[in-house]
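Thanks for coming. I will take a few minutes to walk through one structure, starting with the chains and ending with single residues.

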Amino acid sequence: MRAGYLYLLIAVMLLGLSFLKDKQKTREAVKATFKIFYVVLPVLVFVFVLMGLIQAYVSREFIVSILGQKSGLLGIFYAEIIGSIALFLPPAVFPFGGYLHDNGASYGAIAGFVFTAILIGVTTLPLELKLFGKRFTLARNLLTFGLTFFIAILMEGVLP
Amino acid sequence: MKRMLKNDAFWFLSLSVLIILVVYGFNAGKGVIVAKTVYDTFFEVLDIIVAVSIFIGLFQVWVKPQTIVKLLGKGSGLKGFVLVCTFPILMGGSLFTVFPLLKALREKGARIGAIASFITAWGGKAPLLPLESKFLGWPFALVRIGFVIIFAFVMGFLMDWVGENTEKIKQEKSFLVDL
């Protein structure tokens with residue numbers, strides 16, 4: 001059985017449980033679900049197009065050479081740069097990361113990409129600056145980039 | 001707001017179609033490769049995306065931002081620190097939804113280390129585990145979430161250290177001030 005069906009089953013069961021407890025809240029939840037789906041799906045399709053473009057134009061050897069295990073620390077660094085400027089919503093990060101991994105990128109590089117793509121964002125910078133100020137924003141983003149580097153190295157070591 | 005979202009969806013989808021058409025126009029074979037990748041991946045993840053959307057929708061309704069602020073405000077000191085490094089892992093949403101919530105926490109007296117830990121822990125993204133495990137495998141997903149907790153702890157300490165060098169936050173003794 002597909003794992004997706006199992007998740008759907010669990011999700012529907014939780015919805016049922018929620019409905020039994022509070023109908024109004026469940027209606028809100030369903031509305032929120034549609035909204036999330038509506039926001040996420042088009043972005044996902046766009047990321048799939050990017051994946052298709054890589055499939056069509058970028059060779060596996062190229063990905064291996066910049067993000068593969070042999071690329072080592074530099075590969076993690078490149079992956080972090082890609083993650084930092086990628087304009088992905090979190091749900092799109094994992095399919096893209098998995099795609100890169102299938103095409104030869106190391107776990108360390110993927111970890112670097114995933115963390116920076118979720119935690120550092122060019123699109124959210126203005127809001128972070130406005131709400132928390134220059135010093136916080138600069139420090140948080142730089143520290144995130146630096147710590148991700150170490151965690152990516154550790155993950156590369158831990159995972160086979 | 002709704003209008004903007006509508007335009008966003010429209011924009012992403014039409015750009016996607018346009019790219020496929022342009023690639024197809026230059027080289028039919030490559031165009032088919034792109035379209036096939038989109039088609040295959042789309043149906044590979046559709047059920048998971050629906051399930052994940054339901055999880056996040058339920059979480060949003062049952063765990064209101066006010067609840068989170070209250071919960072995190074309750075435990076000061078070590079307990080608050082542990083909470084702030086673990087609890088946000090369960091949350092969905094994007095940084096756009098998390099930042100305003102944290103602004104409220106900050107205004108209620110949370111230290112900047114707590115704010116930074118929260119953001120980092122939020123990067124754990126447990127609601128997306130079905131997606132992550134599907135594309136990167138369970139070992140990667142679980143090891144990553146384990147590291148997120150360590151990441152969040154270290155981040156909090158470092159950011160507090162950064163903060164102490166400029167801001168006068170000495171009067172705040174607890175990690176998160178009681179609300």
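Two residues are in contact here if their C-beta atoms, placed from the backbone, lie within 7 Å. With that cut-off, residues 24 or more positions apart account for 78% of the contacts in chain A with a separation of 6 or more. In chain B, 81% of the contacts between residues at least 6 apart in sequence join residues at least 24 apart. Please keep in mind that this is a predicted model.

Now the two chains in outline. Chain A has 160 residues, and 46% of them count as buried. The secondary structure of chain A is seven helices and zero strands, so to read it from the N terminus is to read α-α-α-α-α-α-α. The C-alpha trace of chain A spans about 55 × 45 × 30 Å along its principal axes. Chain B has 179 residues, with 41% of them buried. Chain B also comes to seven helices and zero strands, and its elements run α-α-α-α-α-α-α from the N terminus on.

Next, the interface. How many residues of chain A are in contact with chain B? The count is 65 residues of chain A, against 64 residues of chain B. On the side of chain A that touches chain B, the elements giving two or more residues are helix 1 (3–21), helix 2 (23–57), helix 5 (90–102), helix 6 (107–119) and helix 7 of chain A. Helix 2 of chain A gives the most to that side, with 24 residues. By residue type, the side of chain A that touches chain B divides into 49 nonpolar, ten polar and six charged.

One of those elements, helix 6 of chain A, deserves a word. Its 13 residues should span 18 Å at 1.5 Å a residue, and the end C-alpha atoms are 18 Å apart, which agrees. In helix 6 of chain A, 13 of the 13 residues are buried, so this helix is largely enclosed by the rest of the structure.

Let me move to chain B and helix 5, residues 95–107. Helix 5 of chain B has 13 residues and reaches 18 Å from its first C-alpha to its last, close to the 18 Å expected at 1.5 Å a residue. Which residues of helix 5 of chain B are buried? They are L95(B), V98(B), L102(B) and L105(B). The face turned away from the buried side carries the exposed residues F96(B), P100(B) and E107(B). Following helix 5 of chain B comes G109(B), with a positive phi near 110 degrees.

Helix 5 of chain B also meets a helix of the other chain. Two packed helices are described by the angle between their axes and the distance between the axes. For helix 7 (residues 125–158) of chain A and helix 5 of chain B, the axes come within 10 Å and cross at roughly 0 degrees. An angle under 35 degrees counts as roughly parallel, and these two helices are therefore roughly parallel to each other. The contact is made by L127(A), E128(A) and L131(A) from helix 7 of chain A, and by F96(B), F99(B) and K103(B) from helix 5 of chain B. Those residues divide into four nonpolar, no polar and two charged.

K125(B) is in the loop between helix 6 (112–122) and helix 7 (129–164) of chain B. Is K125(B) buried or exposed? K125(B) counts as buried, because 27 C-beta neighbours lie inside 10 Å, and the cut-off for buried is 20 or more. Most residues other than glycine have a negative phi. K125(B), a residue other than glycine, has a positive phi near 55 degrees.

V82(B) is found in helix 4 (residues 77–86) of chain B. V82(B) is partly exposed, with 16 other C-beta atoms within 10 Å. V82(B) and F153(B) are 71 residues apart in sequence, and their C-alpha atoms are 8.1 Å apart in space.

The last one is I150(B), in helix 7 of chain B. I150(B) has 15 other C-beta atoms within 10 Å and is partly exposed. Between the C-alpha atoms of I150(B) and N27(B), 123 residues apart along the chain, the separation is 48 Å.

Note on methods
Residues are numbered from 1 along each chain as its sequence is written. Chains are lettered from A and ligands numbered from 1 in the order in which they are written. This is a predicted model: local features need pLDDT of at least 70, side-chain atom pairs count only at pLDDT 80 or more; totals for chains, interfaces and linings use all residues. Helices (H or I, at least four residues) and strands (E, at least two) are DSSP runs, numbered from the N terminus. A residue is buried if 20 or more other C-beta atoms lie within 10 Å of its own, exposed if 12 or fewer, and partly exposed in between; C-beta atoms are placed from the backbone. The expected span of a helix is 1.5 Å times one less than its number of residues. Axes are lines fitted to C-alpha atoms, for helices over the stretch in contact, and angles run from 0 to 180 degrees between N-to-C directions. Angles under 35 degrees count as roughly parallel, over 145 as roughly antiparallel, 65 to 115 as roughly perpendicular and the rest as oblique. Ala, Val, Leu, Ile, Met, Phe, Trp, Tyr, Cys and Pro count as nonpolar, Asp, Glu, Lys and Arg as charged, and the others, Gly among them, as polar.
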